[in-house]
Amino acid sequence: MAAAATASPAEGALHKVRVQLKWYHQFQFAGFYAALDQGYFRRAGLDVELIEGGPNLDPVQSVTSGMAEFGIGNSSLLLDFNRGRPVVAVAAIFQHSPFVILARHDANLRSVKDLEGKTVMGETHSAELTAYMEKAGVDLRKIRFVPHTGTVASLAQEGPDQISATTAYISTEPFEAARHGIAYKIFNPRDLQIDFYGDTLFTRAQFAKTQPDVVKAMRDALTQGWRYALTHQSEVIDLIVRQYHPKMDRASLSQEAQSIYNLLQSDVVDIGYMSKARWHDIGTVFAETGLLSPNFKLDGFFIEQEAALPDWAQQAFWLGGVAIVLGGLITAYILSLNRRLHASLKLQHIQTRELERVNKELAQLSTTDQLTRLFNRRYFDETLESELARAGRNATPITLLIIDVDNFKSYNDKLGHPAGDACLQKVANALQRNVRRAGEFVARIGGEEFAVVTSLPSADEVIALAERLRQEIIALDIQHASSPTGTVTISIGATTIMQHSGPISAKGLMAQADAALYQAKNQGRNRTVSVLLESPAKT
């Protein structure tokens, strides 16, 4: 399926370009649809044709073979570039990659490593998930990989060829799985601090070299399109259903739109922004997992986005030579230009400081859970280690509470993911309100799982905190038909290590708190089980 903007005779000749999408038409490409519909491409001198993709199509092959001038790819473009394929990254549309592994809900699939011995279906351009599995210690030789069917409904099939997991976009496939009644769990690369760019606009090297104005026009018009799509979501959803994907339901597109809004981070950085440092970090992860040489190349891989030196400044350098001959009058002119150049450099310095500020904000975002605004699993893992070390040095108590929302899957299944997200946000806010002592913090460490780390001085105070949290959730009165109480409740597993010295094992502390949570659930949920350890667990 293709869609194009056609030029009217009054518009004059437009430059014809084709764009190879990487998947079927959906909100993932809303910026293109908006740029076509609002005429941004036409006004930029472009006649744009969109070519629909699919799970087993390679956009790089389409672009490098001349079937399209532009394509949408992933961070695996860096692998293609270093393997000699002539690609050039133009703009990173998503600041965070949507790629995850979506697995069947199975008691034998507790971690990504449990995929060994299972069948996984995957797309052709999901190398970052391969890197994730490698970094998690998965033996890829023990996984049977099969081509992606294009639908997560394949996870529902039973029998000897049962598919246990699939590569997926967090913005679409979980919602699709819920519609098909498929219970699932998500393995996210960000759990291992793998945070790549997503949906990068790229072209072939020769085209970038010979048609730089067209490349810039495409990038700028697409950026305009995305800005319009984000501020007119309902209108663009109607456009997608009307013109590109009539069978797509609006609820799915609305859910996808909200997820993509978070992935773009357009309120933090400009849409399409890329940095050499971030691409280098991506390459380092690929190199660490054996997918890329440690001596990988970046030069020539992406289009520099810094502003070119102004024309007047370039003229200043030429006039500097003329000034030697022409004397004082021209010299004065050059001095004037130099003052302007100095002002320009001062502005550049200000812009550099602003960029540093934005990068600092991005670093903060990397430790924040986007849904609940609590700390995320990355922050939890890093900070728990440092708090454990501090407790060991100072011989002070430390407590870990692991909190799980009871019967949350049935809540999601009956009311849908938007309601589930709203529920988690309310729970997170209630937990945050009650975790305020110095050194305490609360984090979201899984789908419906939260953790609190505290240094309360007695076991009785730990129980009091846990019960206060439990009662706070009950007081929210979030209706839940599948709950014995009729409302949303939580179960808490708490482990406290009292005064001691020496190193403390984070793994051991987690295991004890998990075991306590398991007991709380086995005893009927909506309760706290607390374990007091006199000495640290060493594992």
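Rings of Phe, Tyr and Trp (the six-membered ring of the latter) are taken to pair if their centres lie within 6.5 Å, and a pair counts as stacked with planes under 30 degrees apart, as edge-to-face over 60 degrees and as tilted for the rest. By this criterion the structure holds 18 aromatic pairs. The coordinates are those of a predicted model, in which local features need pLDDT of at least 70 and side-chain atom pairs count only at pLDDT 80 or more, whereas totals for chains, interfaces and linings use all residues. Residues are numbered from 1 along each chain as its sequence is written, and side-chain values use heavy atoms, with hydrogens and water left out.

One of the aromatic pairs is formed by Tyr40 and Tyr228, which are arranged edge-to-face with 6.5 Å from centre to centre and 70 degrees between the planes. Tyr40 lies in helix H2 (residues 40-43) and Tyr228 in helix H8 (residues 212-231), so this pair ties together parts that are 188 residues apart in sequence; helices (H or I, at least four residues) and strands (E, at least two) are DSSP runs, numbered from the N terminus. Tyr40 is buried at a relative accessible area of 14%, and Tyr228 is likewise buried, at 14%, where buried means under 20% relative accessible area, exposed over 50% and partly exposed in between (1.4 Å probe, protein chains only).

The rings of Phe375 and Phe441 have centres 6.1 Å apart and planes at 80 degrees, so this pair is also edge-to-face. It links distant parts of the chain, 66 residues apart, with Phe375 in the loop between helix H13 (328-365) and helix H14 (377-394) and Phe441 in strand E13 (residues 441-444). Phe375 is partly exposed, with a relative accessible area of 30%, whereas Phe441 counts as buried at 6%.

Ring pairs also link Phe81, Tyr197, Trp279, Phe301 and Phe302 into a cluster. Arg278 lies over Tyr197 at 4.3 Å from the ring centre, and Lys297 lies over Phe81 at 5.6 Å.

With regard to the overall fold, the protein contains 18 helices and 16 strands, and buried residues make up 51% of its 539 residues. Of the contacts (heavy atoms within 4.5 Å) with a separation of 6 or more, 79% are accounted for by residues 24 or more positions apart.

Strand E4 (residues 70-73) is covered on both faces, with Phe70 and Ile72 on one side and Gly71 and Gly73 on the other, all of them buried. In a regular strand the side chains alternate between the two faces of the sheet. Strands are considered paired if DSSP finds at least two bridges between them. Strand E2 (residues 15-20) runs parallel to E4 and is joined to it by two bridges, with Phe70 of E4 as the bridge partner of Val19. Strand E11 (residues 198-204) pairs with E4 in the antiparallel sense over four bridges, and Gly73 stands opposite Thr200 in E11.

Ser126 is placed in the loop between strand E7 (119-122) and helix H5 (127-135). At 8% relative accessibility, Ser126 counts as buried, and it touches Phe99 and Thr167 when residues up to four places away in sequence are not counted.

Notes:
A charge sits over a ring if NZ of Lys or CZ of Arg is within 6 Å of the ring centre and within 35 degrees of the ring normal.
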